[in-house]
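Hi there,

Here is the structure I promised to pass on. Have a look at it first, and then read my notes on its charged pairs below.

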Amino acid sequence: MTILRLSHVELRVPDLELATAYYSEVIGMIETARDSSRVFMKCWDEHQHHSVVLTHEPTHGLNHFGFKVTDAEDLDHYQQRLEAAGIAVRRYAADEWAPGHGTSIRFLLPSGHEMELVYGMQQVGNLLPQTNPPPRPMGLVGIAPPRVDHVFLTAEEVDTNTRFLTEHLDFRLTEQIVGDDGYQIASWLEVSHRSHDIAFITGPNQGLHHFAFWVDGWNDLRNAADACVYHGVNIEMNPTRHGVTRGQCLYFFDPVGNRNEMFTGGYWVDPGAEPVTWTEAEMGRAMFYYDGVVNQQFLTVHS
């Protein structure tokens, strides 16, 4: 039974048309469907119907996020495990929640975040032919990342969420920041054998710190920063490197207040690998390796 990777995020946006224009023209996503209150979008190299859903609501933030599973039977497996642990689970039929959406189960993390496991989302194809494709389509717009990558959430009790994912959903802890008192300040977990697919940092429950898109290399971060400046998007953190995950990154906000990251690099993880621990004294270097200092805005601002 396998959870594969991050499938999608649903974001609250108080200005639907502004957010749609931003994710289309600056990020370079493709609109695949819309209804009266939602717009469904995907990156150019994603085959599934959507990876970002923009939902018109008065506030900004995260409504729910989903992970893709390998087989339909995986949903039964995890539903049984969750319900056996006393966790309420809601099941959706294909297309019940949204057009193109697959069969899914939803449940709450201890932090109140709504998480989903989904199978069988409609496949609409990427922008390349299946025979003799070029490496990249011509005429892409904006930053044009190939896919979404991970989600980073805030929680009052990071350790409780970490245990939930490892015990009930088979996630593996790859890295953590541990306070001098032994308290788990932040954690990074994976199911795809990459450095992380989801992470938590101490903060309010139900908070979204950021969600990330994957780009292929350091030069793509530079190009993404160029696109942000060209479009008047304020960059929060210039291209730099994390200590945790060894990844490279660029941070900025969408026009309604949700933080985006462009991410690349990192490492591959074998099952059974021991997690890396960063101490509280080295927290600044864990987050931004070159600066080596704790950035209070980065740690506290969320949606």
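**Salt bridges in the model**

Glu114 and Arg106 form a salt bridge, with their closest N and O atoms 3.5 Å apart; the term stands for a side-chain nitrogen of Lys or Arg within 4 Å of a carboxyl oxygen of Asp or Glu. Arg106 is buried at 5% relative accessibility, while Glu114 is partly exposed at 27% (buried is under 20% relative accessible area, exposed over 50%, partly exposed in between, with a 1.4 Å probe and protein chains only). Shared partners also join Glu17, Glu31 and Arg34 into one salt-bridge network.

Please keep in mind that this is a predicted model, where local features need pLDDT of at least 70, side-chain atom pairs count only at pLDDT 80 or more, and totals for chains, interfaces and linings use all residues. Residues are numbered from 1 along each chain as its sequence is written, and side-chain values use heavy atoms, without hydrogens and water.

By the salt-bridge rule, the count is 13. One of them pairs Arg91 with Asp76, at 2.8 Å between the closest N and O atoms. Arg91 sits in strand β6 (residues 90–92) and Asp76 in helix α2 (residues 72–84), so this pair ties together parts 15 residues apart in sequence. Helices (H or I, at least four residues) and strands (E, at least two) are DSSP runs, numbered from the N terminus.

Asp170 pairs with Arg81, the closest N and O atoms being 2.9 Å apart. Because Asp170 lies in the loop between α3 (158–169) and β10 (172–178) and Arg81 in helix α2, the bridge ties together parts 89 residues apart in sequence.

Best wishes
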